[in-house]
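Biologist: Please take a close look at one part of this model for me. I would like a single connected account.

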Amino acid sequence: MLNLTPDLFLIQFLNGLAYGLLLFLLAAGLSIIFGMMDVMNLAHGSFYMLGAYVGLSALRATENFWLSLLVAPLVVGVVGFAVERLLLRPLAGRGHLDQVLLTFGLALVAADFVRAVPGWGAEVRAFPPPPELAASLALGSLQYPLYRLFVIGMGLGLALALALLIGRTRVGAIVRAGVADAQMVGGLGINISRVFSIVFAVGAALAAFGGVMTAPIVSLKPGMDAETLIAALIVVVVGGLGTLRGAFWGSLLIGEADNFGRALLPDYALFSIYVIMAAVLLLRPTGLFGRKT
Amino acid sequence: MNDQNLQVNRRQFLKGLAALASTASVAALLDACAPAATSAPAAPTVIKPSIPFKIGSILPYTKVYAALGESITNAMTLYFESVNFTAGGRKIEWIKEDEENDAQISLRKLTKLIEQDKVDLFTGVVSTAVVYALRDPLHEAKMPTVISNAGGNLLTRKGEKGAAKGRFSPYIFRASFSSFQISSPLGEWVAKNVSKKVLVCASNYGFGTESSADFKSTFVPAGGTIVGNDVLPPLGTTDFSAFLPQIAAAKPEAVYSFFSGSDALNYVKQFDQFGLSKDTKIVGAGFLTETDVLPGQGKSALGAYTSLHWSTTLDNPANKKFLADYAKRFPGKDVDVFAMQGYDAARVIVEALNAVQGDTSNQSKFLDAIRAVTFDSPRGKFSFDPKTQNAINTIYFRQVKESGGQYESSGKYENAILGKTDKPILDPENM
């Protein structure tokens, strides 16, 4: 059992925050896509993984982390746009099982695709952090990696930007209205199908951004998509569907619970987030920020 | 947001999740219904040299150890090709199955290899948990077996100690190593040459805890002290940030670290990112910095001390030939210790078949031939300890240094050899 000094507590808290904010990048897209389009996208983890691998190729080509952080979300955003237009659209109005089968199938295809691409493959691939952030910083008596502080700052900044976009702009108002009743929004003369495509593409791009941001912390390997998708799905259940606030606070809660679970009770580490999910489902079945009926 | 709408959404969402879970469990059920092991092994038939010799292998091609399975398979292919897939006048046929890092799945595939394919010899197995599960069916089928990785100590030991029971079988040979052979020489060496204040951080599964116990068993008697509580992250941890601050807080001089594959890559990188490498040395079993992860670890691995029964930098003619042939046959693939073990396992099979001139009808003669195999391996002289049927290994003490360019594809870093054990290490016969 760990003796939690203030220094250790601070570091563990920062770890949880960094992990939680990375989860938020996935959960936000997953939650809004479901809220608006009624699509449970099990290929969302694949966008995250593709983002990381596209980022790796971009990094190899340019040797510039910042360029790959820009290129990967763009590429994956285009892929997301195409997936929505060509594959999901024909299934609109069909049951969830059809969508689950389609997106699950896409996830399997993506996993094999990553294995087949030369230079990606089955081996673990390292992804170095940008040299200017490779150092570590003294926090009390312990050291903390600068890159993780950058992840925290970037995550908070993006969360704020997304909140402003959804809460304060006309585009955001359309998205919120679409979550409430997409058909009605269409009836008001707004091209809702275009909004769907854009939301889906932005969700995919955000996941890819998360993939590149995570890559310097953990290395890339096939299977990274499923691990993260499950955590993001739990966040969505805990936070409540279709709300950005729910995705944000749910991510932080799951991030901290996972990290403190590992640090304090390593034998039960993989258990802590499921306990939270079960508790939330029992006590607030609509999630922490989902509205009660 | 419309409240009622949300409620329905949520229910549908959960239904979708349930649907997903049930598809997964149906698949598992179908898997479980596959033909089960019931009938007795086929009676041995008289084999004429003209009949192909069938080898069955179980090696991981998916999940955490996929890269290891690929290395072993490549190197076996390389060796078999060098003898035109022929030994003792018989053609070698090779049937491959995926280990999937799962004992139940592997058991089913072993049954298929024995019952349906009627293989003459079994080889492979990366995971110790899987090899323990396969041991009884292999023993009962009297199947000649050459293990090419799984290093759990119990596999080649006899007798009992507490709850642990030796699993020795006269049909099972191990051409790789045991965890005792690798980690016990390191304990004494670290106490003498690196530090006497060491903390243990190991993957929390059988092979990790066994290896750290073997390390401690010689480190403490040699005057070393174990600092703090052992830190035991689960197997398959990608982010070690919850564990590294605990190491820092205990302020050891060195950390015995047992990780392999992607765990090793992330652990060593993050160890450096958390500023630990400034004052704390890494020591560990050689898988920690093997060629499969070293290029990715890069300079964060610099200075790490490890022990292993081989290194790319080992200077002998067999190793040079192996490295050159492998690089030519599999361009762009890094050769690692797992490949070396696959190469040797294939050679053991070929040499034994040659010795009996392809006649495996007398099984005890064939097993004697395997027991007597000896040759110049990339690791040095190869032979089995006849008592345990485990390979005899000289252990090399290595340190990650910048590469002198001897071996190109391992990148800018290599495991330079600092020393070796005075004599080859035999795994103890009894528990």
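How many residue pairs are in polar contact across the interface of chain A and chain B?

Modeller: The model is predicted. Across the interface of chain A and chain B, 10 residue pairs are in polar contact, both residues of each pair being at pLDDT 80 or more. On the side of chain A that touches chain B, the elements giving two or more residues are α1 (6–37), α4 (96–116), β2 (142–145), α6 (170–187), α8 (224–239) and α9 (244–264) of chain A. By class, that side of chain A consists of 33 nonpolar, 15 polar and 11 charged residues. In terms of contacts, 59 residues of chain A meet 46 residues of chain B. The two chains, A and B, bury about 4,300 Å² between them, and 60% of this area is on carbon and sulfur atoms.

As for charge pairing, the rule finds one salt bridge across the interface of chain A and chain B. A:Arg148 and B:Asp239 form a salt bridge, with 3.1 Å between the closest N and O atoms. A:Arg148 and B:Asp239 count as a salt bridge because a side-chain nitrogen of Lys or Arg has to lie within 4 Å of a carboxyl oxygen of Asp or Glu.

Chain B also holds an open sheet of six strands, in the order β2-β3-β1-β4-β5-β8 and with mixed pairing. Strand β5 (residues 145–147) of chain B runs parallel to β8(B), and three bridges join them. B:Ile147 has B:Arg174 in β8(B) as its bridge partner. Helix α3 (residues 103–116) of chain B packs on the sheet and touches β1 (53–59), β3 (90–98) and β4 (121–124) of chain B. The direction of α3(B) makes about 155 degrees with that of β3(B).

How values were computed: Residues are numbered from 1 along each chain as its sequence is written. Chains are lettered from A and ligands numbered from 1 in the order in which they are written. This is a predicted model: local features need pLDDT of at least 70, side-chain atom pairs count only at pLDDT 80 or more; totals for chains, interfaces and linings use all residues. Side-chain values use heavy atoms; hydrogens and water are left out. Contact means heavy atoms within 4.5 Å. Buried area is the accessible area (1.4 Å probe) that two parts lose on being put together, summed over both. A polar contact is a pair of N or O atoms within 3.5 Å; within protein, one must be able to donate a hydrogen and the other to accept it, and residues adjacent in sequence count only if both atoms are side-chain atoms. Helices (H or I, at least four residues) and strands (E, at least two) are DSSP runs, numbered from the N terminus. Ala, Val, Leu, Ile, Met, Phe, Trp, Tyr, Cys and Pro count as nonpolar, Asp, Glu, Lys and Arg as charged, and the others, Gly among them, as polar. Two strands pair if DSSP finds at least two bridges between them. Axes are lines fitted to C-alpha atoms, for helices over the stretch in contact, and angles run from 0 to 180 degrees between N-to-C directions.
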